[in-house]
There are 2 protein chains.
Amino acid sequence: MTRRRQLHLNINILHAGFYASAWRSPEADPHATFDIGHYVRSAEIAERGTLDAVFLADRPALEDKPDLRPFLSLEPTVVLTAIAAATEHIGLIATASTSYNEPYNIARRFATLDLVSGGRAGWNVVTTADPNASANFGQSLPEHATRYARAKEFTEVVSELWDSWEDDAFVGDKAAARFLDPAKVHRINHKGPFFEVAGPLNLPRSPQGRPILVQAGGSGDGRDLAALHADVVFSVGEDIERARAYADDLRTRAAAYGRDPRSIVVLPGLATVIGSTEAEAKRRQEELGALIPLDYAIARLGQTFGQDLSHLELDAPVPDLPIPVNGSTTFARATLNFARQGNLTFRQLLYKLGGGIGHRVIVGTPEAIADDIEAWFVAGAADGFNLMPDVLPTGLEVFVDHVVPILRQRGLFRSHYAEKTLRERFGLPRPPNRYATPADERASA
Amino acid sequence: MTRRRQLHLNINILHAGFYASAWRSPEADPHATFDIGHYVRSAEIAERGTLDAVFLADRPALEDKPDLRPFLSLEPTVVLTAIAAATEHIGLIATASTSYNEPYNIARRFATLDLVSGGRAGWNVVTTADPNASANFGQSLPEHATRYARAKEFTEVVSELWDSWEDDAFVGDKAAARFLDPAKVHRINHKGPFFEVAGPLNLPRSPQGRPILVQAGGSGDGRDLAALHADVVFSVGEDIERARAYADDLRTRAAAYGRDPRSIVVLPGLATVIGSTEAEAKRRQEELGALIPLDYAIARLGQTFGQDLSHLELDAPVPDLPIPVNGSTTFARATLNFARQGNLTFRQLLYKLGGGIGHRVIVGTPEAIADDIEAWFVAGAADGFNLMPDVLPTGLEVFVDHVVPILRQRGLFRSHYAEKTLRERFGLPRPPNRYATPADERASA
């Protein structure tokens, strides 16, 4: 079965907005980061725009410089459950770290979210390269390779647990006193270098078979993990050529693992600053830029490069900074490329990042934003985007009311939700259960 | 300030109901255990009855004999978040194990639930004496003393993290670019035998200061943990005398730790089978009893005693079974006392337990149930109860519509919610923040 390629748009509800200064905008409620109503309202707007899913980043630690701007805060699966109760269709993707959790707990939490939401859950698998996080779990930051080896095994265990009940294991026959069929509920008996997990899970297979797996694989290890397990990849889109090369590389790796290369949905991050004219958009960018404390922007970029950058000359070209080995490798490399391409001074770079971490920022009219999205989509550099509006929810509202209609007019984006589960919306097949016998498969086909 | 002692009633939404056969009742939906709507509807009924809180038990494992009856399944904080969205007042207490979690994750999840629900969250601290659970986390069942030593340190770390932001740490001053006051956000730098946790938490102090801590402390270690940390104790109420002695012991231990002995709310479990006449109630008990598969009841009791009991003579008196050292010590002792007092045969014991684990079951009219509750409350054997209706939600509906009005008439139970947070409802003071200076305390007084 071939079906027309579809554009996918997730909304990254990144506290008060992508811009580090979003909370200081006159549009913003400074308390929004800690207010569940803010997340629910944003999700409701996204659902009005028939977006694919809400995406929540996460980090189990207080970030550096919390005095200057909001940070990742409320526990994401709790936030998504509240959103699930207020919405009907939109997907629910939460980040959770494989370095500071146990597979049984994660498998169970996301399967519960999938059951509770009728098949809308996704898990963004991250390894969390942050010493502030590891210090909350009695560790120093594990090496890159160790984090990814653990993540790979962790993801496999979770996937096995999600299959530990066959689809028809629940019986519920009152007369026969038969609650479930024990022959269709399987121990996984996993034994590996990082985990020993007996299983089975204590709840039925969830509506999607398995919740959607998302990965943001920039490094070789990350790409490999994504190629092996990810349904959706949240990438860093620098420019069309690099993004297409990245997507091609990912699909080639997936094919090498025996997967259908079209079964990975690649969604680069995309920060938007929208104005009704180009001049208005630029003015908005300038206003938001001016509200970012310079010492915050320098410290944030210093985190990306794993070194103090406060000694750099603000009005000289960005020097050749070394790429960190165990940290934000992908973002550091993308940022350096970006500075080189634009021949930027350090001050210009800080300004153009918007206090962010290296995701692409576009500034313009709704038409220009739609053109950019279309160009990337048509070129095969992206299957869609993980949207990061400058300020929330206002920047999202403008996107939904002014960019989405253009995308719909052009036949690029849906105007209603046709599919029931998030997996179906992404055009991905329901995974067969690894424990089911061929007879079961035939019966359920 | 003295205030009149208040009766407290929590509803334990134990899947399809307390009776092991609840799911087979004509009243029950056999799928209810996995249906979020079942939990939400039950909570809505409980809120109509102005009950104090919803209580969810938990165990991160599939229980034995899952083929014969429902078991603990959906992840409780997800369930409570869905309930929070559908209700306004009722408290939200979830069980989470200290043996198979990390303190930072638990502190964050419950603080988030408290923020999201406006101060209604509680955490029931358990150590999970179940080898099925430890096998899902690469362990064999830790010794009793080890589990409790870890639980004690775990609870301390969580409590410190909940204080890591002073109440007025959030500033949100847009003009001054001051998001929070870093002098009021504290690392905890905990280093102990089980945990090293730097902190601080990545979210503000929650509405209750700290979510309510619940403990079910039966053993000496358990009572000690409860006396040290618990706001509410979920106990096993065998009879008025033993329950009063237990409550007295707990309050004496709390006083020895320098706590106000009245600051612990003791709520024994109470399973109810209600009929409009005594005969009808007994008939209901018989019908539900007859639907419990005998091999399930024997296996369930065998779990409590940590040994296979299938060789016992059904119609002979219950023999002197040894009390397990590392397991359900409290329930085993209570069950044996119960069998002795009634001079019960093994079959009679199985029948009277309702397929349960040793919590007291009362069978009767709404008047009789209200009389029993009043007698225990007046005698100081209980500050209220953790209610476990035979079948859910029907058994709860009958309680709310027929027992609650009697308790209200007698002036024993509230007719509306007067307090904002669960902590206030339990008559407990908001805990001062351990990091606040005396000047802050005066300012906030």
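Tutor: First, a term: a polar contact is a pair of N or O atoms within 3.5 Å. Keep in mind that this is a predicted model.

Student: Okay. Which side chain joins that of A:Thr95 in a polar contact of 2.9 Å?

Tutor: That of A:Asn124. The side chain of A:Thr95 also has a polar atom 2.7 Å from the backbone oxygen of A:Leu56.

Student: Where is A:Thr95 found, and is it buried or exposed?

Tutor: A:Thr95 sits in strand β3 of chain A, residues 91-97. Its relative accessibility is 5%, so it counts as buried. Beyond its neighbours within four places in sequence, its contacts include A:Phe55, A:Asp58, A:Pro76 and A:Val126.

Student: Switching topic. What rotation superposes chain A on chain B?

Tutor: 180 degrees, with 0.0 Å of shift along the axis and an RMSD of 0.0 Å. The two copies are thus related as by a two-fold rotation axis.

Student: How much do chain A and chain B bury between them?

Tutor: About 5,400 Å², with 65% of that on carbon and sulfur atoms. A:Arg108, A:Lys174 and A:Phe179 supply 14% of the area chain A buries against chain B, more than any other three residues.

Student: How many salt bridges does the rule find across the interface?

Tutor: Two. One of them pairs the side chains of A:Arg108 and B:Asp58, at 2.5 Å from N to O.

Student: And which element gives the largest share of chain A's side?

Tutor: α3(A), with seven residues. By class, that side has 40 nonpolar, 14 polar and 14 charged residues.

Terms used:
Residues are numbered from 1 along each chain as its sequence is written. Chains are lettered from A and ligands numbered from 1 in the order in which they are written. This is a predicted model: local features need pLDDT of at least 70, side-chain atom pairs count only at pLDDT 80 or more; totals for chains, interfaces and linings use all residues. Side-chain values use heavy atoms; hydrogens and water are left out. Copies are superposed by least squares on the C-alpha atoms of residues with pLDDT of at least 70 in both. Helices (H or I, at least four residues) and strands (E, at least two) are DSSP runs, numbered from the N terminus. Buried means under 20% relative accessible area, exposed over 50%, partly exposed in between (1.4 Å probe, protein chains only). A polar contact is a pair of N or O atoms within 3.5 Å; within protein, one must be able to donate a hydrogen and the other to accept it, and residues adjacent in sequence count only if both atoms are side-chain atoms. Contact means heavy atoms within 4.5 Å. Buried area is the accessible area (1.4 Å probe) that two parts lose on being put together, summed over both. A salt bridge is a side-chain nitrogen of Lys or Arg within 4 Å of a carboxyl oxygen of Asp or Glu. Ala, Val, Leu, Ile, Met, Phe, Trp, Tyr, Cys and Pro count as nonpolar, Asp, Glu, Lys and Arg as charged, and the others, Gly among them, as polar.
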